[in-house]
Amino acid sequence: MNDWPEGREDGYGRGSAGAQPEGARRMRHVQRQQPPRPAVPPPARRPGPPSPAVPPQQGRGHDTYGGYDSGYNTGQVYGAPAGPGGPGGPSQPPSGPGRPGRTPGAAPDWRKRIKVGSIVLVSALVVTTVSTYFWADSKVRREVDLSKVIERPKEGDCTTYLIVGSDSREGMSDEEKKKLHTGSAEGKRTDSMMILAKCSSGNTMISLPRDSDVEIPSFVGSQSGKKFPAQGRRVKLNAAYAEDGPELLVRTVEHNTGLRIDHYAEIGFAGFANIVDALGGVELDIEEGFKDEKSGADFKAGRQTLNGEQSLAFVRTRYAFAESDLQRTKNQQKFLSALASQAATPSTVLNPFDLYPLLGAGLDTLIVDKDMGLYDMGQMFFAMKGVNGGDGVSMNMPISGQRGGNLVWDKAKVQQLVKQIQNDEKVTVRGQ
């Protein structure tokens, strides 16, 4: 029985003996025709590297509509971009090995690195400098109150310092006293005194012999606050310090010279020796050898480096010289200038391994006035360095004779000297 309509010639159902239905050989794949869609311009794309093209997929189940690929045949995941690097698309290598945003093979940005490195270095230097300043400032002993000094001379154009070396044994062990030949005397006395005038016309260092004949003026006691009237007493200069300390010493120097003292700085035996050792010694040219059992000095002529013990012996020796105290003050000036010249150098100031031990050795035993800051101390050292370098004058206070074993100052020369310093004039006066 034939269920096919009459006239059907497709060959199906008629027992065709072919390998496959005849119609399959004749009929082509028929796709459903879709109505044309209006052309839509593609969206504007931002400039960037082109994405690798994906070849169109053909085959069963590939649904295309106006050039649109549904993605079912490409293994894409719903909601994921089909472009490079996303799921369903080829992955893109990172822009650089461990460096996001950097193109592989690109040269490093040295300008940026130098800029960042400079900022880090400057910041570290600022932090270190500020920390060092506050650390050093906290160690300074501001124990001298110059506001207690009465009847002071007028201020001059130069900055003046009264620098004192005392024979204080504070903080020294018995072994150190024996090693440094200091003895064991109680209290402290001035072993050396000098005025340093820092002027634009040139620096001047003036030693004040401890045996100088001076008058003790009226003064206010540094501890009692009581006023003591002048009695016309004439004593050696170092007696003023022994009587009432730094304040009376400043008052006596100002009264007998007419020169106002702006700052006071004092250091003892131990601090002096420690500073020299922290600096690694001081190089000095000794013109003529000398020996002194009391100070422990034993030097030969020539250039040599003195350690702390030797330096202390050098500046304390007086009995080995015919000029006694006058020659000692000259040696003290020479040594302090050399010390300042070697300490105030970039290799020391900029090297923390040299600077910190030097500050630690000196600041603990350095006594200054309450208005003296680290800047003033730096100016003092650089002024001493300038004198050693030839930018200034070093001398003893002009002497006119003796009175009862005391050295009498030349009043005319002293007045001229003080006037030149007060007016910031070039110093032409010379002493012994």
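Visitor: Hey, how much of this protein chain counts as buried?
Guide: Of its 432 residues, 39% count as buried, meaning under 20% relative accessible area with a 1.4 Å probe, protein chains only. Keep in mind that this is a predicted model, where local features need pLDDT of at least 70, side-chain atom pairs count only at pLDDT 80 or more, and totals for chains use all residues. Residues are numbered from 1 along each chain as its sequence is written, and side-chain values use heavy atoms, leaving out hydrogens and water.

Visitor: Okay, and how many helices and strands are there?
Guide: The protein chain has 11 helices and 19 strands. Both are DSSP runs numbered from the N terminus: helices are H or I with at least four residues, strands are E with at least two.

Visitor: What's the strand order in the open sheet of 7 strands?
Guide: The order reads β3-β16-β11-β4-β5-β6-β17, with mixed pairing. Two strands pair if DSSP finds at least two bridges between them.

Visitor: Which ones are the edge strands?
Guide: Those are β3 (141–144) and β17 (392–396), each pairing on one side only.

Visitor: And in what sense do β4 and β5 pair?
Guide: Antiparallel, over 8 bridges, with β4 covering residues 159–166 and β5 residues 190–198. Thr 160 stands opposite Ala 197 in β5.

Visitor: New topic: which strands does helix α4 lie across?
Guide: Helix α4 (residues 237–257) lies across β3, β4, β5 and β11 (263–267), and runs at about 10° to β5. Axes here are lines fitted to C-alpha atoms, for helices over the stretch in contact (heavy atoms within 4.5 Å), and angles run from 0 to 180 degrees between N-to-C directions.

Note on methods:
Buried < 20%, exposed > 50% of the residue type's maximum accessible area, 1.4 Å probe, protein only.
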